[in-house]
Amino acid sequence: MKYLLFLPLIFLLFLSLRGGVDLQNQEDYEVYSYSRRMPTREEVKATVFKDELYLAKELIKRESGDNPMAVNPTSGAAGVPQALPPDKMGCELSQDIQDYICQVKWMAEEYIPKRYGSVKAALDFHTQHGWY
């Protein structure tokens, strides 16, 4: 039983040898959250958006104020990415970090690449039109 206390430490050692924690990998995320604290919203965005982090933070600030429960009263768009309809994200609208990760990943991996190609193009469009 006393050896179970060392499992999180052993896993973190394994991850450091492997190259770190990949929060986009569900297994890594679950063990990471068990063995360490939960990732912050900033860590989630940095992991998901990588080189386009600064631009993504600006776009998120404009759209939802980084609020995963934000709902546009006029259009009904909701969540961090202001998805319309919100259920197409497959994520809950809650303050839970797992729902936040789901929303940010959908924004970064589905919506922006398919509609704009890059965060920069999405932000440029938003600057011109006031929405994206």
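**Exercise 1.** Determine which helices the buried residues of helix 6 pack against, and which residues of helix 6 are buried.

*Solution.* Begin with the terms. Helices are DSSP runs (H or I, at least four residues) numbered from the N terminus. Buried means under 20% relative accessible area, exposed over 50%, and partly exposed in between (1.4 Å probe, protein chains only). Contact means heavy atoms within 4.5 Å.

The model is predicted: local features need pLDDT of at least 70, side-chain atom pairs count only at pLDDT 80 or more, and totals for chains, interfaces and linings use all residues. Residues are numbered from 1 along each chain as its sequence is written, and side-chain values use heavy atoms, with hydrogens and water left out.

Step 1: Val119, Ala122, Leu123 and His126 are the buried residues in helix 6. Step 2: seen down the helix axis, the buried residues of helix 6 fall within an arc of 95°, so they line one face of the helix; the arc is that of the directions from the axis to the C-beta atoms. Step 3: these buried residues pack against helix 3, helix 4 and helix 5. Step 4: after helix 6 comes glycine 130, with a positive phi near 80°.

**Exercise 2.** Find which residues of the largest nonpolar core touch the most other members, and which helix gives the most to this core.

*Solution.* A nonpolar core is a set of buried Ala, Val, Leu, Ile, Met, Phe, Trp, Tyr and Cys residues joined through side-chain atoms within 4.5 Å.

Step 1: the largest core has 24 residues, and Val44, Phe49, Leu59, Val104, Met107, Ile112 and Tyr132 touch the most other members. Step 2: at least two core residues come from each of helix 3 (41-49), helix 4 (53-64), helix 5 (97-115) and helix 6 (119-129). Step 3: helix 5 gives the most, 9 residues. Step 4: leaving out residues up to four places away in sequence, Leucine 59 touches Met107, Ile112, Ala122, Leu123, His126 and Tyr132.
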